[in-house]
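Reader: I would like to go through the secondary structure and the charged pairs of this model. Please take the features one at a time.

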Amino acid sequence: MTAPAMPDAIYLDFNATTPVAPEVLEALLPWLREQHGNPSSTHEYGRRAAQAVTAARAQVASLVGAQPHEIVFTGCATESNNLSLLGVAAAVPAQRRRHLVVSAIEHPAVMAPAMALRQQGWQVTVVPVDAFGRLRIDDVARALRPDTALVSVMHSNNEVGTLQPVAEIAELTRARDIVLHTDAAQSAAKVPLRVDELGVDLLTLAGHKFHAPKGVGALYVRRGTPLRRILHGGEQEHGMRPGTENVAAIVAIGTAAALAASRLPQITAHLRTMRDRLHARLDAGVPGLLLNGHPEHRLPNTLHVSFPGISGRDLLAQTADTVAASVGSACHSEREAVSGVLAAMGFDSARAAGAVRLSVGRTTTTDEVDRAAAALVSAWEQLRPKR
C-alpha cells in the first residue's frame, strides 16, 4: 500500500507527536530488514540484537543522566506511567502506606491508574495548581502524610507547557522516604533532564515525542526504588517488562536520545526563537490575545493562547488547510467542552473555548511561523463578532 501524499498544512502540533528523524529511520531500518534476531537467543543473530538493545539503553540513560541498568524499555509513556503507579503500589507494604498524591493537571496516563488505585482502596489526594498551571510547594507539602507512598507530578504540562518545580518537590519526598515519579514525556529533547538534579525515583519518556517512532517508551528506575512488575511472563527488561523486545523501536529511541543529547542547547534555543516569533506575530494581529501557562517556567516550544470572542475549534477548522494544530491534548476526548487542565487553572468558559495549543519543533522554520501566524490572524478576523 502506497503512503498518502503529505499535506501542505504547516505542522504546529509537535506536542502531539513528532516526525521520525532521518537519522533515526536510517538506524532502525536494518533491524526490520536484515537483523531479525531475538535478543534472548544465544546465537549470533541474538547476540547482535542484544548488543543493539544494550547500546540503546546507554544512549537513553545518557540523555537523562542515569545508569544504563536503570532504564526499562516499554511500549509507550502510558505503559511507563502505569508501571510506575501500579508497580509502586504493589511493592510497598499495604498495611503501612496506601496514599498517593498527584497534581490536578496530570495526563490521563497518570490520572487513570491513580483512580484505579482509588477503586482498590487507596486514598488519592489531587493537589491544585495556580492560574499558570504550576503547583505551589506549600500545597504539595500539606498533601503529604505519614502513609504517603508515592507522589506523581508531570515535569511539564502537555497542553500549556508549564514546568513543575519537581526538584523542590523531591526535597519534600526524600525527607519522608516517599517515591517520586515524574512524567517527562513532553520535556525530553526540549529542556535538560538530569535525574539526580531532579531528585526523582521514576521518570517516564516517550519516543514519539522526540523523533522516534510511536510504540516505544522508557522508564528510569532509580536503584532501590520499590517497584513490582504489572505484567507477567519472561524476565526481559530486568524482569520489569516481560515480552520479546522490539529491537528496531529500541534502536530508534536510543538514536533519537543520542541526537537530542548532542544538540540540546541548539534545539532549545531554536524552539524558543520560533515560539516567541509566533507569539509576537499573533499578539500584534489579535488584540486581546491571552497567553496561557507560565510566562517563564514553560517549555520552549509551546505556545498556548486564547483568541478572544471565538472558538478555538472553529479557528483551527477555518485554517485546517494551512495550519495543523490542536486545542489541547491529543489524548483527551474531542467531546470535552472545557479542558480539564484549563478548568484546574480557573479559566472561565470563554477563555477556555478560545484556547489553541501551538507547538513548534526543531524542523520549524521562520517562513512557516510567519505563514501560520498570518493564516490564524486572518481566520480570527473573519470569525470574530462584528460590531
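Author: Note that the model is predicted.

Reader: Which residue is the bridge partner of T182 in β7?

Author: T182 has L203 as its bridge partner in β7.

Reader: In what order do the strands of the sheet come?

Author: The order is β2-β8-β7-β6-β5-β3-β4, seven strands in an open sheet with mixed pairing. The edges are held by β2 (71-74) and β4 (123-127); each has a single partner strand, so one side of each lacks a neighbour in the sheet. From one strand to the next, the twist averages 20°.

Reader: Which strands does helix α5 lie across?

Author: Helix α5 (residues 108-119) lies across β3 (99-103), β4, β5 (148-152) and β6, and runs at about 155° to β3. Helix α7 (residues 166-175) also packs on the sheet, where it touches β5 and β6. The direction of α7 makes about 160° with that of β6.

Reader: Now the charged pairs. How many salt bridges does a search of the whole structure find?

Author: The general idea is that side chains of opposite charge can pair when their charged atoms come close. In this model the search finds 15 salt bridges. One of them joins the side chains of R57 and E237, at 2.7 Å from N to O. R57 is in helix α3 (residues 44-64), while E237 is in the loop between β8 (217-221) and α9 (247-285); the two are 180 residues apart.

Reader: Are R57 and E237 buried or exposed?

Author: Both are buried, R57 as well as E237.

Reader: What does the salt bridge of R281 and D370 tie together?

Author: Their side chains meet at 2.7 Å, N to O. R281 belongs to helix α9 and D370 to helix α13 (residues 366-383), so the pair ties together parts 89 residues apart in sequence. R281 is partly exposed, with a relative accessible area of 36%; D370, at 26%, is also partly exposed.

Reader: How many residues apart in helix α13 are R371 and D367?

Author: R371 and D367 are four residues apart in helix α13, which means a separation of about one helical turn. Their side chains form a salt bridge of 2.9 Å, N to O. R371 is partly exposed at 42% relative accessible area, and D367 is partly exposed at 43% relative accessibility. Elsewhere, salt bridges that share partners join R136, D139 and R142 into one network.

How values were computed
Residues numbered from 1 in each chain as written. Predicted model: local features only at pLDDT ≥ 70, side-chain atom pairs only at ≥ 80, totals over all residues. Heavy atoms only, no water. Pairing = 2+ DSSP bridges. Axes fitted to C-alpha atoms, helices over the stretch in contact; angles between N-to-C directions. Contact = heavy atoms within 4.5 Å. Salt bridge = Lys/Arg side-chain N within 4 Å of Asp/Glu carboxyl O. Buried < 20%, exposed > 50% of the residue type's maximum accessible area, 1.4 Å probe, protein only.
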